[in-house]
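Here are some notes to read alongside the model, written for a colleague who likes to have the cut-offs at hand. Please keep the viewer open as you go.

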Amino acid sequence: MNITRENKDALCAYLKLELLPEDYEGKVAGELKSYRHKVQMKGFRPGQVPPALIKKMYGKAILMEQINKLMAESVDNYIKENKLNILGNAILAPEEERQSVMDFDNPGTFTVWFEIGLVPEFDIELEKISVDGYQIAISDEMLDKHQESLLRRYGTVTSPETAAAEDTLGGELFELDENDQIKEGGIDVKTSVAIDLIALKTIQKQFIGKKTGAIVDFEIQKAFKNKADLASMLQIKEDALAGISPKFRFRIDSITHVEPAVLGEDLYKKAYPQAQINDEAGFRQAMRDDIGRYYVQNTNQKLFVDTIDKIIDQTRFDLPEEFLKRWILTESNRKAEEENKEAVNEIPENEMAQIERSLRWELIQNKLTEKYQLKIEVEDLRTFYKERVLSQYFPTRSDDEEMNKRIEMFVDSMMKNQEEVKRVYDMVFEEKLTALFREKTKIKTKEVSMDQFVEVLKKDNEKKSK
C-alpha cells in the first residue's frame, strides 16, 4: 500500500492510493471463509458449500466491499498522520483530471486518485470590527406591567361562582357546524380562556357573569386574533386555521380568580428571595434589574448575530469552490441513495451561497476558539444549567441542602442526554463568544425603546427573507 500527495493548487491536492494484491487478498479470503460458514444453500450441509461456488457467487461483492473499506481507512489514516487540515472529506478525483484504475473483474493493483480541499490560511482581527449595539430603555410603563404581573403571580387564588372580567375559565371547546350544532369529527379540546385576553369587548361580555356549566357560543377568530396562539389553543397547525368553522362553543367547567397580592415585605421576599428589599423603591429597582437582565439576552443575541455577519464580511479568504460543489454533491447523493431518493446533478446558486457562508463561519469560529483559547469545561455546562435553566423553577438557596440535592440530580440527568448537553454547550459557547466580542470589538451602543428595538428586528427579518 502506498499513498502520495500531489498539490493541485493552493487550496486543493490529489492523493494517489495504490493497493497491491497483498494488501487486500487476505482480507477477501477471510471474508469468503466467513461467508462459507454462514451461507445456507440447498443441496449442501451448513458450512459445506464449496469455496469455489462461494467465490463465484459473492467474490466480486466482497472484493468491492473490502477495497472500499481499505480505501477509506487508508486515506483517513494518511490525513490524520500527516495532520492535514482539510475541508469536508476526501472524494474521488474527477476522471478528466486524474484517472483511477479499479478493475474488479481482473483484480490486481488498484490505483485510486482522491481530491482533498485544504483549509486556507487567514487571521481575524476583532479590534477592527465595528458594530452597533443596543440598550433597551426600561420605562415606567414596563415597570408597572411587570409589577402587575408579579402581584397576580403571588396573589390569592379563589374559585368564584360567577366569572368576572379578570378571571380565567377552564373548560372544553367544541367546533360548531352551520346549524350551530357540535360538528361531527370537528375540533374538541380542553383548554383555558383568560377573559381579559379576548380581543373584542362584545365577546368578553358573553363570558362575564356566567357560572360553571354555562355554554357560550362565539366567533373564535374574532376573539383570538393571534394565529399562533389560536392554533396552539386548538391543538392544530397554523395553516389549518383557514379551514375551521367560524363559530365554537365553550363549556365552562371551572372559574379561577386571582386576588392580587399587596405591596409589602411578604411580596418582596416571595418575588426576590435573595434580595434585601425594604420598600417600594427597592422593589421597583429589583424589577428594573430583572427586566434589564431579560432584555440584555435579546440585545446580546442581536449583537452576536450582527458581529458574526461583520466578521464573515470582513475576514476574506479564498475557498476551493469547485471542490466544495463536488464534495457537497457527493454527500447529497450518498444520502439520497441511502434514502432511495433521486440523485441531484447541481446545487441551486442561493443554496450554495448559504452553505459557503456557513462554512466560512465554521472556519472562523475554529480560528477564534484557537486564537483566544475558548475552552468549555464540564463544570461550565453544569453551572450554566443550574443558573440559567433550573433557577427558573428552583430558586437556589445555599442553605437548602435538600433543594440543592434535587438540583444536582436534575443536572446529572441532563448530562446523560447528549442532545441536551449539545444544546447547553452551544448556549455557553455563544455566551463566551459574545463576551469576547464585547471585549475586543468596537461597539457603538444606542439606547432605544422596546418598540424601536422590535422595529430593528423586523427590518432584519425582512432583509433576510429577500
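1. A word on conventions before we start. This is a predicted model, in which local features need pLDDT of at least 70 and side-chain atom pairs count only at pLDDT 80 or more, while totals for chains, interfaces and linings use all residues. Residues are numbered from 1 along each chain as its sequence is written, and side-chain values use heavy atoms, with hydrogens and water left out. Helices (H or I, at least four residues) and strands (E, at least two) are DSSP runs, numbered from the N terminus.

2. Let us begin with α3 and α8. Their axes come within 10 Å and cross at roughly 100°; axes here are lines fitted to C-alpha atoms, for helices over the stretch in contact, with angles from 0 to 180 degrees between N-to-C directions. The two helices are therefore roughly perpendicular, the word used for 65 to 115 degrees (under 35 is roughly parallel, over 145 roughly antiparallel, and the rest oblique). On the α3 side, the residues that meet α8 include Asp140, Met142, Leu143 and His146, and their partners in α8 include Glu280, Phe283, Arg284 and Tyr295. By class, this contact has seven nonpolar, two polar and six charged residues. Ala, Val, Leu, Ile, Met, Phe, Trp, Tyr, Cys and Pro count as nonpolar, Asp, Glu, Lys and Arg as charged, and the others, Gly among them, as polar. Contact means heavy atoms within 4.5 Å.

3. Now α3 by itself, residues 140-153. Its 14 residues should span 20 Å at 1.5 Å a residue, and its end C-alpha atoms are 20 Å apart, which agrees; the expected span is 1.5 Å times one less than the number of residues. Met142, Leu143, His146, Gln147, Leu150 and Leu151 are buried in this helix, where buried means under 20% relative accessible area, exposed over 50%, and partly exposed in between (1.4 Å probe, protein chains only). Their cover includes β5 (130-136), α7 (265-271), α8 (280-314) and α14 (450-465).

4. Glu321, Leu324, Lys325 and Ile328 of α9 meet Met352, Ile355, Glu356 and Leu359 of α10. The residues of this contact divide into five nonpolar, no polar and three charged. In the loop between α9 and α10 you will find asparagine 340. Its phi is near 55°, a positive value in a residue other than glycine, and asparagine 340 is exposed, with a relative accessible area of 74%.

5. Have a look at α13 (residues 418-440) next. Its 23 residues reach 32 Å from first C-alpha to last, close to the 33 Å expected. Among its buried residues are Glu420, Val421, Phe429, Thr434 and Phe437. The elements that cover the buried residues include α8, α10, α11 (378-389), α12 (401-415) and β11 (442-448). At the start of α13, a side-chain oxygen of asparagine 417 comes to within 3.0 Å of the backbone nitrogen of glutamate 419.

6. Which residues does threonine 315 contact beyond its neighbours within four places in sequence? They are Phe122, Asp123, Ile124 and Ile364. Threonine 315 sits in the loop between α8 and α9 and is buried, with a relative accessible area of 7%. A polar atom of its side chain lies 2.8 Å from the backbone oxygen of isoleucine 311.

7. Two strand residues are worth checking as well. Tyrosine 14 lies in strand β2 (residues 12-19) and is buried at 4% relative accessible area. Its side chain makes a polar contact of 2.7 Å with that of glutamate 97; such a contact is a pair of N or O atoms within 3.5 Å, where within protein one must be able to donate a hydrogen and the other to accept it, and residues adjacent in sequence count only if both atoms are side-chain atoms. Glutamate 175, in strand β7 (residues 168-175), is buried at 5%, and its side chain reaches the backbone nitrogen of serine 245 at 2.8 Å.
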